[in-house]
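Here's a quick tour of one model, going from a single side chain out to the helices around it. Have a look at the structure first, then read on.

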Amino acid sequence: MFEKMNLDDFVKQVASNEPVPGGGSVSALAGSLAAALSNMVASLTIGKKKYLEVEEDMKKVKEEAIILQEDLISDITRDSEAFNRVMKAFKMPKNSDEEKAERKEAIQNGSKHASEVPLNVAEKSLKIMDLAKIVVEKGNKNAITDGAVSAMLARTAGLGALYNVKINLSSIKDEEYVSKMNEKVTEIENALIQKEKEILDIVEL
């Protein structure tokens, strides 16, 4: 759906009074762009005599980056669909005890799904950080700042996605599920921040 829009239309859709695409979808887009930038630096390194010894590393970066950038493009729509599923659950009838129970279960299941989609985006963003570090350390030095932007975008994508996880967890009554998800959120959050710092410390301008 949204991934098929041209850039101008997508931006206008984000700016509209519609709730989707929102921060989660934009985080997925940022992640896709982050992967694309690491892909670009790898592409600018492959085939250069000066960087022959790291060519295989760059080819692996390209392979992984392509998968991530394409998957994250699909996450733009996945995130919006997850939000719509929760909203649909809230609109379910609640005239009887049976309907109320069905509605409650649908809301809980929808909220869990809406937490897992952005968590997956954050996990992918963390993987992009690893690619960005490789291209910053070993890639074409003329594109080192592009690698740095890849890392910064990946951090933003990941942290933005984690905000969506947190807001959805606040509606979930399953305490064990929430506890496990919160542990994952904290782990990814800390890793994103630390890895960005490590990468940017490599970039000396």
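## A glutamine and its helix neighbours

Leaving aside residues up to four places away in sequence, glutamine 69 touches Ser32, Ala35, Ala36 and Asn39. Bear in mind that this is a predicted model. Glutamine 69 sits in helix α3, which covers residues 55-90. Is glutamine 69 buried or exposed? Its relative accessibility is 19%, and the cut-off for buried is under 20%, so glutamine 69 counts as buried.

Now for the helix packing. Helix α2 takes in residues 23-45, and helix α4 takes in residues 97-138. Here is how each of them meets α3:

| Helix pair | Axes come within | Crossing angle |
|---|---|---|
| α2 and α3 | 8 Å | roughly 165° |
| α3 and α4 | 9 Å | roughly 160° |

Angles over 145 degrees count as roughly antiparallel, so α2 is roughly antiparallel to α3. The crossing of α2 and α3 is left-handed. Sorted by class, the residues in the contact of α2 with α3 come out as 13 nonpolar, 10 polar and 3 charged.

What about the other pair? α3 and α4 are roughly antiparallel to each other as well, and α3 passes α4 in a left-handed crossing. The contact of α3 with α4 divides into 19 nonpolar, 5 polar and 11 charged residues.

Aspartate 71 is also part of helix α3. Which residues does aspartate 71 touch, not counting those up to four places away in sequence? They are Arg78 and Lys124. With 27% relative accessibility, aspartate 71 counts as partly exposed, because that class lies between the 20% and 50% cut-offs. Along the chain, aspartate 71 is 24 residues from glycine 47, and their C-alpha atoms are separated by 27 Å.

Valine 20 and proline 21 are joined by a cis peptide bond, with omega at about 0°. For context, most peptide bonds are trans. Where is proline 21 placed? It lies in the loop between α1 (7-15) and α2.

Finally, the annotation. UniProt, in an unreviewed entry, lists residues 7-186 as "domain: Cyclodeaminase/cyclohydrolase". In the model, that span is 82% helix and 0% strand, and the C-alpha atoms at the ends of residues 7-186 lie 33 Å apart.

Definitions and conventions. Residues numbered from 1 in each chain as written. Predicted model: local features only at pLDDT ≥ 70, side-chain atom pairs only at ≥ 80, totals over all residues. Heavy atoms only, no water. UniProt positions renumbered as here; feature names shortened; annotations may be inferred. Helix = DSSP H or I, 4+ residues; strand = E, 2+ residues; numbered from the N terminus. Buried < 20%, exposed > 50% of the residue type's maximum accessible area, 1.4 Å probe, protein only. Contact = heavy atoms within 4.5 Å. Axes fitted to C-alpha atoms, helices over the stretch in contact; angles between N-to-C directions. Parallel < 35°, antiparallel > 145°, perpendicular 65-115°, else oblique. Left-handed = near helix turned anticlockwise from the far one by under 90°. Nonpolar A, V, L, I, M, F, W, Y, C, P; charged D, E, K, R; others polar.
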